[in-house]
Amino acid sequence: MSSINTYLSLDDFKKIVFGNKQVTFADDVYNRIDESYAFLKHFSKDKVIYGVNTGFGPMAQYRIQTEEQIQLQYNLIRSHCAGIGEVLKPEMIKSAVLARLNTLSLGKSGVNPTVINLMQELINREIYPVIYAHGSVGASGDLVQLAHVALTLIGEGEVIYKGEIKPTNEVFEIEGLKPIRIEIREGLSIMNGTSVMTGVGIVNHHYAQKLLDWSVAFSSAINEIVKAHNDHFSFTLNQAKLHEGQREIAKLMREHLLDSNLIKAREEDLYSGDNNEEVFKDKVQEYYSIRCVPQILGPVFETISNVGDVLEREINSANDNPIVSIEEQNVFHGGNFHGDYISLEMDKLKLVITRLTMLAERQLNYLLNHKINDILPPFVNMGKLGFNFGMQGAQFMATSTTAENQTLSTSMYIHSIPNNNDNQDIVSMGTNAAVITNKVIINAFEVLAVQAITIMQAIDILEQQDLVSSKTRKIYDDIRAILPAFSQDSVLYPSIKNVKDYLMK
């Protein structure tokens, strides 16, 4: 079980989302929640507190009478359930709910304990509020999407339950769950934060790390296939550049290729003194997509690492408004719900994943174009040239998908449209950024699936199965279990999908 206490690491967060670890609470979490709730209830009696005895947004100038304050919260939740588009994937929803739960558990939101108890049950029982992709401008939080979470918590709307969308009240009856109590500002506290963009962002980060691992592995395998020289990923060369990411990628390549029988030592090849020909048989330097992998993937490594740091800080932040301070016995109004940090990091992430996709596409083209690799048949065609087509059709998909990623990488961070009667006059678009980044990541897996199949065909053509490194051989065996070597033309899309699923698991 993963216990929520004072700080939830990104690794522990992912264990809950992807490893199905159960959520538990340390005792002091309940103490914080009770204290915060009791303080806000007392403190707000004779003071003007946003969202407790006022309207919302530009309507905050209107006082809400005591007898209407509970209904106000229900009105807020129901009126903002206006999401549309595709339903977010269950892992995204689970991540978003967990992010909101962790924020509320900090005791700075004034919610009563029924809120965190029910959110805990939803996560542990794999009941996910239906949240739609479209609805948030990413400032004042993910109001619309989190309203759908709040709608579930009050026992209304729909949830994903055992793979199907069902009415919340039916599922609650099956599971013996009761809706939360609205006491003070529970509606606003649930809705007013960055938890959807952050939750989707953490899912993106999880898969971005996988993509980077595969890109290093496939880049290393291509170095083997073309019998590249070893100095471009050497320790000495990469230590001469003072970037942590480049050094780490080179190290990972060295580890991957440690027992390869195909990589050449330049000292034994072009430094031997025996190269007297006018046109050198061996390439003096490999193409950039082969030789510059540490320099290209180094910034990707560093960006993914930094994105993770920002996401971890955000899930452990109080990101709603206003903020309850037990320590100072006060309530502070501000803009912690603003999603600029996440929006910018998602833009960075989709840029580097697009760059990774572009590298994969260029490496793929190198293997498929016999005129530049000079060792493989066109399109790694193991059949009859002119009659069979190898990976020709699959390359079209990889190229077009890479182009789509390039288009999707336009920044959302700089796209602000004032709304909400200009109360929200500059917004982050962070949730749009996170959702689009997820599309870029899924696209990247599709391109890498084609690249993976092509690499395996090349290894078979060159009969290198027993010469590649043990790490490459493990990947070869796994992918060949999905798709054996082929020479005759057949329908490829099921195998591409299966390889993509293998890469994502």
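Axes here are lines fitted to C-alpha atoms, for helices over the stretch in contact, and angles run from 0 to 180 degrees between N-to-C directions. Helices (H or I, at least four residues) and strands (E, at least two) are DSSP runs, numbered from the N terminus. The model is predicted, so local features need pLDDT of at least 70 and side-chain atom pairs count only at pLDDT 80 or more, while totals for chains, interfaces and linings use all residues. Residues are numbered from 1 along each chain as its sequence is written, and side-chain values use heavy atoms, without hydrogens and water.

**Stop 1: α16 and α17**

Select residues 392-408 (helix α16) and 430-461 (helix α17); their axes come within 9 Å and cross at roughly 155°. The crossing of the pair is left-handed, a term for a near helix turned anticlockwise from the far one by less than a right angle. Now show side chains: the contact (heavy atoms within 4.5 Å) includes Ala 394, Met 397 and Leu 408 of α16 and Ile 436, Val 440 and Val 450 of α17. Its residues divide into 9 nonpolar, 4 polar and 3 charged. Ala, Val, Leu, Ile, Met, Phe, Trp, Tyr, Cys and Pro count as nonpolar, Asp, Glu, Lys and Arg as charged, and the others, Gly among them, as polar.

**Stop 2: α4 and α5**

Move to residues 90-104 (helix α4) and 113-124 (helix α5), which pack at an angle of about 155° with axes 10 Å apart. The two are therefore roughly antiparallel, and their crossing is left-handed. Among the contact residues are Val 97, Leu 101 and Leu 104 of α4, with Ile 116, Met 119 and Ile 123 of α5. This contact divides into 8 nonpolar, 1 polar and 2 charged residues.

**Stop 3**

Select residues 158-161 (strand β6) and 164-167 (strand β7), an antiparallel pair joined by 4 bridges; strands pair if DSSP finds at least two bridges between them. Tyr 161 has Glu 164 in β7 as its bridge partner. With 2 residues between the strands, the hairpin has Lys 162 at a positive phi near 55°.

**Stop 4: Ser 289**

Finish at Ser 289 in helix α12, residues 288-291. Ser 289 counts as buried because its relative accessibility is 10% (buried is under 20% relative accessible area, exposed over 50%, partly exposed in between, with a 1.4 Å probe and protein chains only). Leaving out residues up to four places away in sequence, Ser 289 touches Leu 359, Arg 362 and Gln 363. Tyr 366 is 77 residues from Ser 289 in sequence and 8.5 Å away in space, C-alpha to C-alpha.

Notes. Parallel < 35°, antiparallel > 145°, perpendicular 65-115°, else oblique.
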